[in-house]
Amino acid sequence: MFVDAILLLPEDVRASCQFLLTGKLSEQNLPFWSSVRERMGTVPEIEYLGLLSHGELLGLLAGVDAVVCCSRDEAFSLVVVEAAMLAKPSIINPNVGVAEILEHKKSCLLFEAENAVSLAEQMLTVFHDRARMSDLGLEARKVYEERFTIDRFSEEFLRLVR
């Protein structure tokens with residue numbers, strides 16, 4: 001989905017960006033990954049970094065303009081929470097659990113699940129409106145402080161258990 005959305009972007013936009021993918025490739029996903037890698041081969045701005053340590057990932061997140069999480073079904077996205085911790089905006093779909101907490105155009109950008117065109121539109125929003133993205137990131141940070149710090153998460157968890 002991410003690679004398909006990148007391929008939909010205008011060539012001049014792609015050429016002035018860098019798109020990084022990270023994570024572990026499990027054995028059962030290798031056939032799928034080979035088709036993705038083939039599509040990536042036509043776009044030098046896309047790079048797969050492999051599995052990073054937590055420290056390496058946080059360092060990477062600190063330097064990005066936005067995080068894209070296009071999981072089809074994810075109860076909770078730690079990378080989106082960590083992006084919020086670092087005041088970075090995220091582009092997510094409603095199937096990513098934190099979408100219930102973050103707000104479209106206030107603390108994140110939402111795209112229609114499984115829709116590369118919709119994802120590409122939100123990526124263009126980040127590209128064309130970078131000044132506003134810092135505001136989205138700061139709002140995401142506020143949500144992080146209100147809901148996701150260890151103290152807040154522990155309080156909420158204990159409240160639910162009681």
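1. In this predicted model, a polar atom of the serine 107 side chain lies 2.8 Å from the backbone nitrogen of glutamate 103. Serine 107 itself is placed in the loop between strand 4 (90-92) and strand 5 (109-110).

2. Although serine 107 belongs to a loop, it is buried, because its relative accessible area is 3% and the cut-off for buried is under 20%. Apart from neighbours within four places in sequence, the residues in contact with serine 107 are Leu102, Leu136, Glu139, Ala140 and Val143.

3. Helix 7 covers residues 130-147 and has 18 residues. From its first C-alpha to its last, helix 7 reaches 26 Å, close to the 26 Å expected at 1.5 Å a residue.

4. Which residues of helix 7 are buried? They are Met133, Leu136, Gly137, Ala140, Val143 and Tyr144. Viewed down the axis of helix 7, these buried residues fall within an arc of 115°, so they line one face of the helix. Their cover includes helix 5 (78-85), strand 5 and helix 6 (116-128).

5. A disulfide is a covalent bond between the sulfur atoms of two cysteines. How many disulfides are counted here? The count is zero, with a cut-off of 2.5 Å between the sulfur atoms. For cysteine 17, the nearest cysteine sulfur is that of cysteine 70, 16 Å away. For cysteine 108, the nearest cysteine sulfur belongs to cysteine 69 and is 11 Å away.

6. Are these two cysteines buried or exposed? Cysteine 17 is partly exposed, with a relative accessible area of 24%, whereas cysteine 108 is buried, at 0%.

Definitions and conventions
Residues are numbered from 1 along each chain as its sequence is written. This is a predicted model: local features need pLDDT of at least 70, side-chain atom pairs count only at pLDDT 80 or more; totals for chains, interfaces and linings use all residues. Side-chain values use heavy atoms; hydrogens and water are left out. Helices (H or I, at least four residues) and strands (E, at least two) are DSSP runs, numbered from the N terminus. Buried means under 20% relative accessible area, exposed over 50%, partly exposed in between (1.4 Å probe, protein chains only). A polar contact is a pair of N or O atoms within 3.5 Å; within protein, one must be able to donate a hydrogen and the other to accept it, and residues adjacent in sequence count only if both atoms are side-chain atoms. Contact means heavy atoms within 4.5 Å. The expected span of a helix is 1.5 Å times one less than its number of residues. The arc is that of the directions from the helix axis to the C-beta atoms.
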